[in-house]
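Okay, everyone, let's get started. Have a look at the model on the screen, and I'll talk you through a few parts of it.

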Amino acid sequence: MAIQFDPSVLTDSLPALAEGFATTIAVWIGGVMIGMVIGFAIALLQIFCGTWVRRFLRVYIEIFRGTPFLVQLFVLYYGGPSLGLSLEPLTAGIVGLGLYGSAYFAEAFRSGFTSVPRGHIEAAECLGFTRLQVIMRVQLPQMLVIIVPALTNLIIVLSKETAVLSVVTVPELTFVLTGIGSERFAFVETLLALCVCYLALVELASRAGQWVEVRVGRFLTR
Amino acid sequence: MFSLHALLDALPYLIKAAQATVLISLVGLVVGFVVAIAVCSARLSKNRFVSKLGGAYVGFFRGVPLLVQLLLTYYFLPFIGINVPPLVAAAAAVSLCEAAYLAEILRGGFIGIPHGQLEAAQLLGLSRLHAVLRIQVPQALRMTTPSLVNEMVMLVKASSLISVVGVADITRTAQNIAASTYRPLEAYVAAGLVYLVINGALSLAGHRAERRMARA
């Protein structure tokens, strides 16, 4: 059987496609934002707080890193209502992606904090910096530069995880395109378009990451 | 409210379904590793065309979500006349995707070996194959053990996506339990626990292997 490629499948539903792509990007950015904020908070708490809080956060990180994103999403979206937490698919998707990402971001930030040389912190303490000042003025600027590659990688991983959200009916790119595919029985066109869109997204994100890496690279102490 | 009873009821089914998850992950690891060796050698090849080809493979399989790759094998293959059972299609997709990640890890390991060692091996009269097998591979494996273990955990988690194309793994079974008992929270939390146990065991074994190799 010859494979037929009918571009009208895609051009006919261009508005729907664009909307799906926009949703993917919105969910992605939302998830990354939430993940970074929570992840950063966790990393700070791990530095400042005592053993018990640290152990609790460790468990949090291990749970989110040790279970599949799909299962986490199911717990949040289908299991949430049993606990009185009913979320729209889109909200559940963004929150789920954020929580999943937060565990990985927390680890990236933590490794960043520990990679700043001990001598720098001691020097700052000798100069009379408070604990907060040491973090904000010595550790943070340096570690942000160091962890740029790790952050880029995480952000790219999360962009691909957004495809999983189609399973809980978030109207993002995969959901829209597979919908069109089954409707018109045109899997060649839709799946090909899906691959191209994600490849472009990932390529763009990694280029942007490299650009940032070069830009901030000059602040690295050698 | 959360019912511990429902959770405990779901566990036996999920543990049984864990076989499918472990099986797919194992197939993905073994087949993926074999393909990864080919892809990695292609990427390290001196032939520009071959190394570009390897790069394109890695770029595609790491740039497209695994879910999309699964959908590709699931919808696309029957469409062009190749009929395979869902389990086989899923295993193939997972293996090919895994190969891309493993190839990059292995490449990192091989690049990390100082070039002088190969030259020394040549001077000592070792054949090329001998040098690769006895000098490069053991070191590359030892250096990449942490990443390989990490990748195995990622693989077990990624295998949950095969539930979408209908393979009865842990996630799919949890869905079925949720549908028949109307207790999705307990079913999915139980599924999460099973995954945690598998991944916990994996990383524990990984740490052991790391320590043993560090001594060697």
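So, the place where the two chains meet: 28 residues of chain B are in contact with 30 residues of chain A, where contact means that the C-beta atoms of two residues, placed from the backbone, lie within 7 Å. Before I go on, this is a predicted model, where local features need pLDDT of at least 70, side-chain atom pairs count only at pLDDT 80 or more, and totals for chains, interfaces and linings use all residues. Residues are numbered from 1 along each chain as its sequence is written, with chains lettered from A and ligands numbered from 1 in the order in which they are written.

Back to the side of chain B that touches chain A. Helices α3 (66-79), α7 (170-181) and α8 (184-215) of chain B each bring at least two residues to it; helices here are DSSP runs of H or I with at least four residues, strands are runs of E with at least two, and both are numbered from the N terminus. The largest share, ten residues, is from α8(B). By class, that side has 20 nonpolar, seven polar and one charged residues. For the classes, Ala, Val, Leu, Ile, Met, Phe, Trp, Tyr, Cys and Pro are nonpolar, Asp, Glu, Lys and Arg are charged, and the others, Gly among them, are polar.

Which residues does B:Tyr188 touch, leaving aside its neighbours within four places in sequence? On chain A there are A:Val71, A:Phe74, A:Val75, A:Tyr78 and A:Gly79, and on chain B there are B:Ala174 and B:Ala178.

Now look at α4 (residues 69-79) of chain A. Eleven of its eleven residues are buried; a residue is buried with 20 or more other C-beta atoms within 10 Å of its own, exposed with 12 or fewer, and partly exposed in between, with C-beta atoms placed from the backbone. Those buried residues pack against α3 (51-66), α5 (89-115) and α8 (148-161) of chain A, together with α7 and α8 of chain B.

On to the largest nonpolar core, which has 108 residues. A core here is a set of buried Ala, Val, Leu, Ile, Met, Phe, Trp, Tyr and Cys residues joined through C-beta atoms within 7 Å. B:Leu70, B:Tyr188 and B:Ala191 have the most contacts inside this core, and helix α4 (residues 86-111) of chain B gives the most to it, 13 residues.

That helix also meets α3(B). The two axes come within 9 Å and cross at roughly 140°; axes are lines fitted to C-alpha atoms, for helices over the stretch in contact, and angles run from 0 to 180 degrees between N-to-C directions. So α3(B) and α4(B) are oblique to each other, given that under 35 degrees is roughly parallel, over 145 roughly antiparallel, 65 to 115 roughly perpendicular, and the rest oblique. The residues of this contact are ten nonpolar, two polar and no charged. Among them are B:Leu70 and B:Tyr74 in α3(B) and B:Ala93 and B:Cys97 in α4(B).

Stepping back, chain B has eight helices and zero strands. Of its 216 residues, 40% count as buried.

Last, two loop residues. A:Phe185, between α9 (173-184) and α10 (187-217) of chain A, has a positive phi near 55°. B:Tyr182, between α7 and α8 of chain B, has a positive phi near 60°. Buried or exposed, then, for A:Phe185 and B:Tyr182? A:Phe185 is exposed, with 9 other C-beta atoms within 10 Å, and B:Tyr182 is exposed, with 10.
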